[in-house]
Amino acid sequence: MLSLEVVGVARGVEHQLEPAYVKVAYLSTAGRLLISTPLLVGALVVTQLFSSLTEMQKFALWGLLVAKLLFNVIKGYYWPRLEYRHARYMLDDDGVQIQRGVLRRIVTSIPRSRVQHVDLAQGVWERRYGLATLVIHTAASGSPETSLRGVSRATAEEIRNYLKPQAFDDAV
Amino acid sequence: MTDVDPIAAPADAVAGDEFRLHPWSILLNLRSELRALIFPAIAVLLAGRKSERGFFAQLVVILIIGLVRATWRYFSQRMRFDPTEFVIKSGIIRRNERRIPYARIQSVDSTRNAIQQMLGVAEIVIHTAGSAEPEAKLTVLSVNSVADFRQRIFASSPIRHADTLVATDALLDQPGAVATTARRDQVLRLSTRDLLLYGFIENRGMLLILGAIGVLFQYGPLEKMFNDALSAEFGGQGPLRGYVTGLLSQHGLAPELVLYAVVAVVLMLLFVRLLSVIWAVVRLHNFTVMRTGDALRVEYGLFTRVNGTIPLTRVQTVSTKAGVIHRMFDCVTLDVTVAQGSNLEKGGLREPLAPILPRTRVAPLVAELWPDLGVEGADWQPLHERAHIRLLRSGVSGALILGVVLFPALRVWTVLVFGAAVVWKLLTVKRVADSIRWTVSDRVFAVRSGWIAKQEIVARVQKMQVLAFSQTLFDRRNGMAGIAAHTAGGVAAVSYLPVDVARGLLSDLSAKAARTKFRL
């Protein structure tokens, strides 16, 4: 069981995610694949038994399934590393900034006064490694939710507290 | 520590302050749990249609699964009234904790359907600012606790409650009440002539035709006639096909025939436009916008009268569009996006605030209604100097895709079409890139674009909720980035900015938005 030191999130500085994020991410993907693969295989078997397809088409479908599985496995293993490398978050006086994405890099900036409410979620693997996912909700119609995955639970709680509404925030 | 009454059903309070939903929610939520199971359920049922007993057994199994899920959900959901927030914990495998600050709650609604009334329970829906989706839906709590619930929430923010009430009053669709209490100033009125033009521009005739076909298909015999005619034509025996092939075999591809064909197509297109014009005149008959105090009141329609209210302070963005035909008549279409608070959003198709407006009237109108949104004399900034190359590349790839799609139909002609598209792009792309400009001030962030067809969007800094900086792979290679400012209504975005400019704009807008107080 990892023990993560709670030293507080330094303000005005960019932080990286927890290294454990990589492991948590691909373990979650593995778990999902473990469940979805039998279902997919079952569906494919049913389709092949009950429909009239040529041998060529059946072979092609199986080929597609194998290719998709291979792709998911490889991506599931390597993609989290890339995500980890390019993800950052920062707290400052204005609000919170979250940078994420591999192919398309996005920096989302949310002023403190605009935060509506915050979700803190933990999946099975996140609990095991002491991580959490923070989901910040705003009133934005285009992107109402912004998630920060791969921070320690303590960090997530601190950011959540930091984003609570302040007394002077709202105009009447 | 305040002693919290167990406001759920008796004996359900858990660990001091925490409480759960009413036990009846297990059964009452069964329906939504079953709905979540609908696809696997259908698959299983279809597969097991053979024996009646098997079918019945499978139905029971599905019901049991639904019950188990509902019970699981009931036990996993715990709630709590903290000093400043309402806390909802849910999930056992995947745990979620949602904290909703009282200061952010805009409304608490309760509804009771027939069954809920019989059982003495109610569903509570909590809305914060933002999406139409509720932030929390509590199905169900006992009726006694509902009033208690509301009281607790609004006790922490009386100002918020009053604000919601004031906003709601402005929305009450009571023409009599509003007319006597507030002066109405007419802001805009569209004549039939204006609507004729707008209908022509809109070109919704095609939608009408498709809609009519859809309606006709409701009637069996008509659908059959239609299908028969279609299959005859394609099968090579229909009368129309016979006529056309007869003509072709008699005259060959004579010039007169091509001329007739072209004329026929043009007449068809004009007919569709005519339909659109008539539709606009009927739909928007007597389009009037009036100002009553702090809100705009919009009315229109000949057969279906539509009434709506737009609170001026809830306007998030103001945008104008002017296409080719607009510009021929020196007009624009002006529209606004609004945060919750406009009852015009409901009912699907909403009309622009000013479907057609002379271009010279835009600035005075905006200055009168929203003085902080003026962009006259602003300092407009350009894109990256190589933005036109990016536009060219994306235009050419778009044309390529179009060419691939059309190839089966056009064959050799595809090359011609593709070539024409590329040449057009080459000639115009620099001018288009130069026409895209942006500007930022303490009050607004505005983007304008367009060479032949012009557009402009102005977003209020105070309404900005989230600022986003984004770079695709190609952006990174070219040293460019895009910025998007999300309000609670529309988005003002610009792409192909120089990276450092974009970064500067991100922090600038974040700081400016942070300096304004949150007011939806």
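**View 1. R80(B) is buried, with a relative accessible area of 16%.** Here, buried means under 20% relative accessible area, exposed means over 50%, and partly exposed lies in between (1.4 Å probe, protein chains only). This is a predicted model in which local features need pLDDT of at least 70 and side-chain atom pairs count only at pLDDT 80 or more, while totals for chains, interfaces and linings use all residues. Residues are numbered from 1 along each chain as its sequence is written, chains are lettered from A in the order in which they are written, and side-chain values use heavy atoms, leaving out hydrogens and water.

**View 2. E18(B) meets two partners.** Its side chain forms a salt bridge with R80(B) (3.7 Å, N to O); the term means a side-chain nitrogen of Lys or Arg within 4 Å of a carboxyl oxygen of Asp or Glu. R80(B) sits in strand 1 (residues 78–81) and E18(B) in the segment before helix 1 (25–28) of chain B, so this pair ties together parts 62 residues apart in sequence. E18(B) also has a salt bridge with K89(B) (3.4 Å, N to O). E18(B) is buried at 9% relative accessibility, and K89(B) is partly exposed at 22%.

**View 3. D330(B) and R359(B) join in a salt bridge (2.7 Å, N to O).** D330(B) is partly exposed at 35% relative accessibility, and R359(B) is partly exposed at 49%.

**View 4. Now look at a network of salt bridges.** R153(A), E157(A), R160(A), K164(A), E85(B), E97(B) and R99(B) are linked in it. Over all chains, the whole structure holds 26 salt bridges.

Definitions and conventions:
Helix = DSSP H or I, 4+ residues; strand = E, 2+ residues; numbered from the N terminus.
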